[in-house]
Amino acid sequence: MSWIFAAVPAIALLVWALLHMRKIEPERVEITQRNLVYENLPPELDGVTLCHVSDLHITADPRNSAAVADAIRSVKADLYVLTGDMIHGPRGIGALAKWLDQLGDSLAPAIAILGNAEHKARINTPALIRELEARSIRVLVNETAVVPLGRGELQVVGLDDPHSGHSRPALAFADADPEKWTLVLVHSPEGILDLDGRRADLVLAGHTHGGQILLPGIGWLSDNTHNSVGLISGWYDRHDLAVKAGTHHGPKGLYVSRGLGTSGWPLRLRCRPELALLTLCRE
Ligand SMILES: [Fe+2]
C-alpha cells in the first residue's frame, strides 16, 4: 500500500498542473508593449499604435473570451488587427458576433484576415465575413487596402491563410504600391516564405500560439506549421529572418503573436495569451 502514499504527491501535482493549464493560465492575458523603429516610416504614421489580436478561437463554450475582452477594453490603439483563427468550430461564428457586440467600440477601428480555422469543413466562411463586415471590421482576403491611420494612411496587404493553402501573394499585392510603407497581415508566419521579395515593412502573424505548452527543459513541441523554421513568437528582424527562414530580400520585420485562445487541447503552460501593442516609431 506504500506506493499509494508515494503516488499522492504526484497525482496532486498533476491535478494542480491540469487546473493551472485549463483554468488559470488561459485567463492571464499578458499585454505586451513594443516600439518598432523604422527610419523609413512616413512621418504621419510616427507614434501610431497597432493592437495585434490573434487566434481568438471563440467558441460556443466561452473558454477565456471574457478575460480577453477585459484585456482589450483596458488598452487603446489606433488600429486593431485581427490575424485569423477568430473562431473555433461552426458555432464560433455566432459566438464571435455576440462577443464583438459586447466589445463595441473597444475594438474599433479594426481590420481582419482569415486563418485556417475559418477554412475548416462546416465553416460558412462568407457568413463569417458578413458578420465581421456588418460590425465595420473589414476583412482582407488576398487584397490590399489603404486605411486612414494617424495623420495619414497605411497600406495594408491582407493575405488569406497559407497554412491551409489559400494564400495568393500575387493577387494580394496586385494593387499594392511598392513605394508605400506596407503592413502585411498573414495568419501563419510560414507565409513570409511566399512573399518573393514583395514589399513588407512589417508582417504580423499568429497561428503558432507560441507553442501553447512549453515543457520545462524542453520548450515547445510544435509550432503547427508545415515549414517549421522556428518563428514561434515575438519579434524577428530581417537578419533573424534570413538566418532562420532563409529570406534574403524578405520582410524588414515580423511579429508573431502567442495568440489569445487555444486550439487542440484547451491548455496553456508557461505561454500566456498575448495582446500585443505595437507602436510604430521613426526613432
Ligand atoms: Fe491557425
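The structure is a predicted model. The protein chain contains six helices and 14 strands. Its radius of gyration is 19 Å, close to the 19 Å that the globule rule gives for 283 residues, so the chain is as compact as a globular protein of that length.

**Overall build**

- Of the 283 residues in the protein chain, 44% are buried.
- Taking contacts in the protein chain between residues at least 6 apart in sequence, 74% join residues at least 24 apart.

**The six-stranded sheet**

- Six strands make up an open sheet with mixed pairing, and their order is β6-β7-β8-β9-β13-β12.
- The edges are β6 (143–149) and β12 (234–237); each has a single partner strand, so one side of each is left without a neighbour in the sheet.
- From one strand to the next, the twist averages 25 degrees.
- Helix α6 (residues 238–245) packs on this sheet, where it touches β12 and β13 (253–256). The direction of α6 makes about 90 degrees with that of β12.

**Strand pairings within the sheet**

- Strand β7 (residues 152–158) and strand β8 (residues 182–185) run parallel and are joined by four bridges. In this pairing, Q155 stands opposite T182 of β8.
- Strand β9 (residues 202–205) pairs with β13 in the parallel sense, over three bridges. Here A205 stands opposite V256 of β13.
- β12 and β13 run antiparallel, with four bridges between them. D237 has G253 in β13 as its bridge partner.

**Burial of β13**

- Strand β13 is covered on both faces.
- G253 and Y255 lie on one side of β13, L254 and V256 lie on the other, and all are buried.

**Helices α2 and α3**

- Two packed helices are described by the angle between their axes and the distance between the axes.
- For helix α2 (residues 65–73) and helix α3 (residues 92–103), the axes come within 11 Å and cross at roughly 35 degrees.
- The crossing of α2 past α3 is right-handed.
- On the α2 side the contact is made by S65, A69 and I72, and on the α3 side by W99, Q102 and L103.
- Sorted by class, the contact of α2 with α3 has four nonpolar residues, two polar residues and no charged residues.

**Loop residue R168**

- R168 is located in the loop between β7 and α5 (169–172).
- R168 counts as partly exposed because it has 16 C-beta neighbours inside 10 Å; a residue needs 20 or more to be buried, and 12 or fewer to be exposed.
- Apart from neighbours within four places in sequence, R168 is in contact with N142 and D160.
- R168 and G89 are separated by 79 residues in sequence and by 24 Å in space, C-alpha to C-alpha.

Methods:
Residues are numbered from 1 along each chain as its sequence is written. This is a predicted model: local features need pLDDT of at least 70, side-chain atom pairs count only at pLDDT 80 or more; totals for chains, interfaces and linings use all residues. Helices (H or I, at least four residues) and strands (E, at least two) are DSSP runs, numbered from the N terminus. The radius of gyration is taken over C-alpha atoms; the globule rule is 2.2 Å times the number of residues to the power 0.38. Two residues are in contact if their C-beta atoms, placed from the backbone, lie within 7 Å. Two strands pair if DSSP finds at least two bridges between them. Axes are lines fitted to C-alpha atoms, for helices over the stretch in contact, and angles run from 0 to 180 degrees between N-to-C directions. A crossing is left-handed if the near helix is turned anticlockwise from the far one by less than a right angle, and right-handed if clockwise. Ala, Val, Leu, Ile, Met, Phe, Trp, Tyr, Cys and Pro count as nonpolar, Asp, Glu, Lys and Arg as charged, and the others, Gly among them, as polar.
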